Amino acid sequence: MSDDPTFFHVQDRLLGVLLAWGLGSVAGGAPGLLSRNPVLRQAGVQSIAWGAIDAALALLGRRSARASIRRGATDGPRQARRFRTILLVNTVLDAGYVAGGWALVRGAKGRGERVGMGLGIVTQGLFLLLYDSALAAMVGRWARE
């Protein structure tokens, strides 16, 4: 048996980054909800909402990866290709989130809640753009095996 990690081991580890980001986003956004400043409040709402979704996706993905490890799954390359395709599609969507968030900020016309919403979306979208594109590059090794 090889000492090299399988795709599923790597997937589990890398999804830990998304889990940490998600939980950190929830915790970091919570104080914004208490703010009277509409920019901070809406940025906090976005941080919590996106963070909760990221954490949930990471937990589900890690659960799936760990189940594959336990059962000794041999379809790592096929699953890596599928995962990489999802990541590449998400990368395009992430760029759209950033553009949409920035459009909200630019079109806010002094409305603080729109500025906060847009800044929150841009922040989350930028992280996901970098994360998903980096992950797609890393997973490529296992997709080609």
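Trainee: Let me start with the pocket. Which helices each supply at least two residues of the lining of the largest pocket?

Mentor: Four of them do: helix 1 (7-33), helix 2 (38-70), helix 3 (76-106) and helix 4 (112-143). Keep in mind that we are looking at a predicted model.

Trainee: How should I read a pocket, and how much space lies in the largest one here?

Mentor: The general idea is that rolling a probe the size of a water molecule over the atoms shows where empty space is left. In this structure, the largest pocket holds about 610 Å³ of space. It is lined by 26 residues, and those closest to its centre are Leu 15, Leu 57, Phe 83, Ile 86 and Asn 90.

Trainee: Which helix gives the largest share of that lining?

Mentor: Helix 3 does, with 9 residues. By residue type, the lining of the largest pocket has 15 nonpolar, 6 polar and 5 charged residues.

Trainee: Now the overall fold. How many helices and strands does the protein chain have?

Mentor: The count is 4 helices and 0 strands. Along its principal axes, the C-alpha trace spans about 60 × 25 × 15 Å.

Trainee: What share of the 145 residues is buried?

Mentor: Buried residues make up 40% of the chain. The general idea is that in soluble globular proteins, nonpolar side chains tend to be buried together. Here, the largest nonpolar core has 22 residues, and Phe 7, Leu 18 and Phe 83 touch the most other members. Helix 1, helix 2, helix 3 and helix 4 each supply at least two residues of this core, and the largest share, 9 residues, comes from helix 4.

Trainee: Next, aromatic rings. How many aromatic pairs does a search of the whole structure find?

Mentor: It finds 5 aromatic pairs. In general, a pair of aromatic rings is described by the distance of the centres and the angle of the planes. Take Trp 21 and Phe 127: their ring centres are 4.0 Å apart and their planes meet at 10 degrees, so this pair is stacked. It also joins distant parts of the chain, since Trp 21 sits in helix 1 and Phe 127 in helix 4, 106 residues apart.

Trainee: Is Trp 21 buried, exposed or partly exposed, and why?

Mentor: Trp 21 has a relative accessible area of 25%, so Trp 21 is partly exposed. For its partner, the cut-off for buried is under 20%. Phe 127 is at 17%, so Phe 127 is buried.

Trainee: Why does Leu 128 count as buried?

Mentor: Its relative accessibility is 8%, so Leu 128 counts as buried. Leu 128 belongs to helix 4. From C-alpha to C-alpha, Leu 128 and Gly 28 are 17 Å apart in space, while 100 residues separate them in sequence.

Trainee: Last one: where does Lys 109 lie?

Mentor: Lys 109 is in the loop between helix 3 and helix 4. Its relative accessibility is 78%, so Lys 109 counts as exposed. Check its backbone too: phi of Lys 109 is near 50 degrees, a positive value in a residue other than glycine.

Technical notes
Residues numbered from 1 in each chain as written. Predicted model: local features only at pLDDT ≥ 70, side-chain atom pairs only at ≥ 80, totals over all residues. Heavy atoms only, no water. 1 Å grid on protein atoms, 1.4 Å probe; cavity = no way out; pocket = protein on both sides within 12 Å on 5 of 7 lines; lining within 4 Å. Points joined across faces, edges and corners; volume = space filled by probe spheres on them. Nonpolar A, V, L, I, M, F, W, Y, C, P; charged D, E, K, R; others polar. Phe/Tyr/Trp six-rings, centres within 6.5 Å; stacked < 30°, edge-to-face > 60°. Buried < 20%, exposed > 50% of the residue type's maximum accessible area, 1.4 Å probe, protein only. Core = buried A, V, L, I, M, F, W, Y, C linked by side-chain atoms within 4.5 Å.
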